[in-house]
Amino acid sequence: MRDGTAVSNHTVLWFPETGLVEGAEMSASLGRLVIYTSRIDEMADFYAKHFGFSVLRADNERIVELRAQNSGLALLLHPAAAKQKEGQVLVKLVFDVEDVSAFCEAAKADGVDFGKIHKAGGYEFANAKDPSKNSIQVSSRAFRQ
């Protein structure tokens, strides 16, 4: 026997004898981003100092996990293979900040230059590079009204 439940114009069928669901949309949350680097310690210090990540190092593990203090992705620092070139990835890490100018000013005092602050669509953003030359950005887009 099949139980049917309408969900967002989809019929979802549940088979109690197997626990399987047919017709359900797949969904998953993005929880971690791996960054390949030959500068694990420098990268861990950078993200902890400038973005408040907690650094977790497990014994006998090559990967260092960086956890955000609030919600958000965890960053996994993974040793780069000899053939991997740092900074040649088409990904940009974007950090949500309410006051881009204040954040950039504080970062510059700590040695990170975000360069010009751009304005677009009711928010501001600025770009920089981490120690492994990955693109990073601070943006107030999440806070626009």
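These legends describe close-up views of a predicted model.

**View 1. Four strands make an open sheet.** The strand order is S4-S7-S6-S5. Pairing within this sheet is mixed. Strand S4 (32-37) and strand S5 (54-57) are the edges, and each pairs on one side only. From one strand to the next, the twist averages 25 degrees. Strands of a sheet pair through backbone hydrogen bonds, either parallel or antiparallel.

**View 2. Strand S5 meets strand S6.** S6 covers residues 64-67. The two strands run antiparallel, and four bridges join them.

**View 3. Gln 137 sits in strand S11.** This strand runs over residues 135-139. Gln 137 has a relative accessible area of 10%, so it counts as buried, the cut-off being under 20%. Its side chain makes a polar contact with the side chain of Asn 127, at 2.8 Å.

**View 4. The surroundings of Gln 137 beyond its sequence neighbours.** Neighbours within four places in sequence are left aside here. Gln 137 is in contact with Lys 92, Leu 93, Val 94 and Phe 95, among others. Further contacts of Gln 137 include Phe 114, Phe 125 and Ala 126. Asn 127 is also on the contact list, and its side chain is the polar partner of the Gln 137 side chain.

Key: Residues numbered from 1 in each chain as written. Predicted model: local features only at pLDDT ≥ 70, side-chain atom pairs only at ≥ 80, totals over all residues. Heavy atoms only, no water. Pairing = 2+ DSSP bridges. Axes fitted to C-alpha atoms, helices over the stretch in contact; angles between N-to-C directions. Buried < 20%, exposed > 50% of the residue type's maximum accessible area, 1.4 Å probe, protein only. Polar contact = N/O pair within 3.5 Å; in protein donor to acceptor, adjacent residues only side chain to side chain. Contact = heavy atoms within 4.5 Å.
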